Amino acid sequence: MCLAIPALVCELVNEKRVIVDITGVRREADTSLLEESLEVGDYVLVHTGFIISKLDPEQAKEDLKLWDEILSNQ
Amino acid sequence: MSGPTQKYRDKDVVNILTKKIRTLAERSSETVRIMHVCGTHEHDLVKAGLRSLLPKNIDLIAGPGCPVCVCSAQDIDEVLWIADNHNVTITTFGDMMRVPSSTESLYQAQGRGVNIQIVYGVSDAIKLAEKNPETEFVFFSVGFETTSCVTAAEVVRTKLPNFSIYSSHKVVPPAMELLLQRDDLEFDGFLAPGHVSTIIGAKPYEFIPEKYNFPVSIAGFEPVDILLGIHAVLKQIIEGTARVDNVYKRYVKQEGNSAALRIVDDAFVLSDARWRGLGIWPGTGHEINDKYAHIDAKKKFDIPNLPTEDLRDGCICDEILIGKSKPQKCKLFNKSCRPDYPIGACMVSHEGTCNVAATYEEIIWEE
Ligand code: SF4
């Protein structure tokens with residue numbers, strides 16, 4: 001139920017709508033619940049047609065650093 | 001989509017992480033119990049076989065994280081009462097169709113002629129009502145914060161005379177507090193739900209270490225995400241510290257999704273909620289704000305007090321939902337109650353603890 005699916009923004013339709021690619025399937029998604037603006041190429045989480053979160057690429061890099069730490073001090 | 005997801009499924013990373021978890025767990029001579037409160041966690045971790053990778057003294061407990069499972073029979077009774085007495089069409093998620101009410105499921109009700117249509121979400125329910133202005137529609141909405149913000153977005157902008165919403169929405173952090181306060185439950189740390197947290201952020205869990213000195217980690221759903229979450233909370237437990245570790249930072253901010261939270265605050269007010277087999281849990285529900293009464297099915301229709309029955313004979317969903325028992329302890333499990341013929345609510349959704357255990361034949365109960 002609380003399933004949110006990672007998707008790629010591939011087209012901006014208007015202020016409240018974008019087209020996302022979810023594992024190869026394109027569909028419209030509503031951006032009303034998002035503060036940040038979106039650009040083509042952003043990764044997002046989609047829940048029942050609404051974008052609920054945008055991937056923070058800086059943070060994703062940080063994640064990888066955290067792994068390196070965890071994985072290195074075995 | 002490969003993109004950023006693939007590396008969170010990396011076999012080598014999974015192996016190293018499970019090794020690290022094993023090394024940590026060896027420092028405890030006792031069983032360490034970690035409770036998650038998310039049906040998607042239960043489904044995804046079992047599907048990935050993660051329990052079998054964990055050391056024997058780690059018990060990963062499924063808490064009340066499946067919104068369909070925790071929905072009380074009374075809520076379904078009331079929705080059916082509206083359908084029977086006001087000639088409305090019910091729209092709802094497919095997952096709700098086979099959840100038992102006191103007497104029948106929506107699916108069975110459909111069989112006796114009640115108009116019920118499955119929709120993908122609230123927006124599709126609204127489109128259906130727009131297309132059929134002569135029909136009265138009630139959207140039966142369940143879900144935690146991930147779903148309630150979507151419902152909220154429509155509550156604040158929809159004005160259709162033939163459409164209302166029956167809210168059975170619930171909130172997670174206050175429910176976690178009630179679990180902590182129970183003296184019949186024993187567990188050592190929480191794995192907090194990733195997608196709920198994309199909305200509410202990490203902050204609403206902070207009272208848990210502060211007030212209860214109890215460890216929490218927030219985790220996503222890929223195998224590496226879940227293992228990182230287990231590792232983080234286990235480390236706290238072993239080291240005797242308590243804080244909120246967020247290992248899903250790429251999607252979960254400290255303050256959450258502020259735009260979504262503003263809409264939720266506007267659309268809903270906190271209320272007491274009925275949880276299946278568990279009675280009323282104060283402050284764990286989301287009712288539609290009075291200022292949007294026009295879209296609230298509970299206000300639009302004068303629903304009487306209905307006698308209600310949450311559990312069928314033999315069903316122990318009340319114990320399953322709070323992680324007090326595992327599915328295999330139920331006498332009906334995989335016998336008369338199966339995914340294709342569910343008797344209790346936990347067997348219906350593919351995120352229900354009993355359904356997951358039956359589908360993946362997981363041995364998670366050893367006396
Ligand atoms: S196996 Fe079926 S009857 Fe038993 S607790 Fe699970 S859902 Fe309820």
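Student: Which residues are buried in α8(B)?

Tutor: E145(B), T146(B), T147(B), S148(B), C149(B), V150(B), T151(B), A152(B), A153(B), E154(B) and V155(B) are; buried means under 20% relative accessible area, exposed over 50% and partly exposed in between, with a 1.4 Å probe and protein chains only. This is a predicted model, where local features need pLDDT of at least 70, side-chain atom pairs count only at pLDDT 80 or more, and totals for chains, interfaces and linings use all residues. Residues are numbered from 1 along each chain as its sequence is written, chains are lettered from A and ligands numbered from 1 in the order in which they are written, and side-chain values use heavy atoms, with hydrogens and water left out.

Student: Why is helix α8 of chain B called largely enclosed by the rest of the structure?

Tutor: Because 11 of its 11 residues, 145–155, are buried.

Student: What makes D245(B) count as buried?

Tutor: Its relative accessibility is 16%, so D245(B) counts as buried.

Student: What joins the side chains of D245(B) and R243(B)?

Tutor: A polar contact of 2.9 Å. The term requires a pair of N or O atoms within 3.5 Å; within protein, one must be able to donate a hydrogen and the other to accept it, and residues adjacent in sequence count only if both atoms are side-chain atoms.

Student: Which residues does R27(A) touch, not counting residues up to four places away in sequence?

Tutor: V18(A), I19(A), V20(A), I22(A), G49(A) and Y120(B); contact means heavy atoms within 4.5 Å.

Key. Helix = DSSP H or I, 4+ residues; strand = E, 2+ residues; numbered from the N terminus.
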